[in-house]
Amino acid sequence: MTGMGLYNSLNIYLFVGLALLACGILGVIYRRTLVSMLISIELIMNGAGLNLVAFNRFIAPDKAYGMTFTLFIMGIAAAEAAIALAIIILIFRKYRHVEGAQLKEMKD
Amino acid sequence: MIFADIIFIIIILITLAGALMTVMYGSIIYALIGLVTTMFGIAGLYIYLNAPFLAMMQILIYVGAITVLIAFVIMVIGPLHKKPKEWTYPLKLIIAAIVALFSFFMFAKVVLKAKWTVLSTPFAVTTKDIGRLLFDRLTFPFELISLLIVVAIIGAVMLSLCSRGEK
């Protein structure tokens with residue numbers, strides 16, 4: 001370990017990211033509306049970004065690749081949220097609800 | 001040192017409580033507030049990881065942009081707590097908890113088993129290094145991200161225009 005203190009161990013950050021992943025999976029399966037599923041996917045992406053920065057800090061501390069990848073993840077999350085919310089508004093205008101289990105037809 | 005540990009544990013507890021609130025609350029707007037709490041907690045963890053630039057980007061992009069976008073959509077689709085129930089039958093909760101706990105313990109076993117070679121060199125990456133890397137070595141992915149965001153904006157505008165044309 002690179003020093004004293006609880007915040008200087010790698011495993012704690014990995015477990016926080018893992019807890020975020022588990023909460024995201026729980027939300028994607030359990031929640032009913034599409035907006036809640038999108039929020040849960042944001043949780044999963046944040047867990048991945050936290051893992052990348054922790055690995056960059058403890059395993060490869062001389063370059064900044066992990067932080068740059070986390071910036072890329074933020075950009076991709078923003079684009080994904082824009083597209084997904086546009087689709088959700090479209091579904092709401094057509095069917096007047098946003099519940100994922102009732103969207104059974106993909107015709108016309 | 002002890003003081004920093006106490007703050008660190010509080011930040012971790014805030015992050016986990018926000019994540020659980022995001023998943024468990026019935027109303028979507030409360031889930032969104034839980035997401036904001038989680039984002040602030042993760043920004044605190046980034047500061048502990050010697051990445052203050054990423055912490056500021058986390059607050060600016062997630063709390064400032066994505067959460068506000070989701071809040072606008074919640075305003076458009078109306079108050080969902082007037083619908084019968086956001087929650088479905090409890091069997092679905094049990095199944096989802098089984099899947100989430102299974103994945104959690106499987107990856108926890110991997111994390112505890114793996115031997116990471118933690119280097120003892122001091123961490124000296126600054127914001128200047130991130131910018132230099134972004135415009136020197138990773139220029140092509142950076143441009144691709146900008147192209148992706150432009151395509152996403154045009155796609156969102158086209159989707160809304162198409163739905164208006166259908167009406």
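This is a predicted model: local features need pLDDT of at least 70, side-chain atom pairs count only at pLDDT 80 or more; totals for chains, interfaces and linings use all residues.
Residues are numbered from 1 along each chain as its sequence is written, chains are lettered from A in the order in which they are written, and side-chain values use heavy atoms, with hydrogens and water left out.

**View 1. Chain B is built from helices.** Chain B has six helices and zero strands, so the order from the N terminus is α-α-α-α-α-α (helices are DSSP runs of H or I of at least four residues, strands are E runs of at least two, and both are numbered from the N terminus). Of its 167 residues, 34% count as buried (under 20% relative accessible area, with exposed over 50% and partly exposed in between; 1.4 Å probe, protein chains only).

View 2. A cavity is a set of points on a 1 Å grid over the protein atoms alone where a 1.4 Å probe fits but cannot get out, and lining residues have an atom within 4 Å of a point; grid points are joined across faces, edges and corners, and the volume is the space filled by probe spheres set on them. Lining this cavity are Met45(A), Asn46(A), Gly49(A), Thr70(A), Ile73(A), Met74(A), Tyr46(B), Gln58(B) and Tyr62(B). Helix H2 (34–58) and helix H3 (65–95) of chain A, together with helix H3 (52–77) of chain B, each give two or more of them.

**View 3. Gln58(B) reaches across to chain A.** Look for Gln58(B) in helix H3 of chain B; at 1% relative accessibility, this residue counts as buried. Its side chain makes a polar contact with the side chain of Asn46(A) at 2.7 Å (N or O atoms within 3.5 Å, one able to donate a hydrogen and the other to accept it; residues adjacent in sequence count only if both atoms are side-chain atoms). Leaving aside residues up to four places away in sequence, Gln58(B) also touches others, including Met74(A), Met39(B) and Tyr46(B) (heavy atoms within 4.5 Å).

**View 4. Helix H4 of chain B packs against chain A.** Residues 90–113 of chain B form H4, with 24 residues. Among its buried residues are Lys92(B), Ala96(B) and Ala100(B), and the buried residues of H4(B) pack against helix H1 (10–30) of chain A.

Note on methods: On a 1 Å grid over the protein atoms alone, a cavity is a set of points where a 1.4 Å probe fits but cannot get out, and a pocket is an open set with protein on both sides within 12 Å along at least five of seven lines; lining residues have an atom within 4 Å of a point. The expected span of a helix is 1.5 Å times one less than its number of residues.
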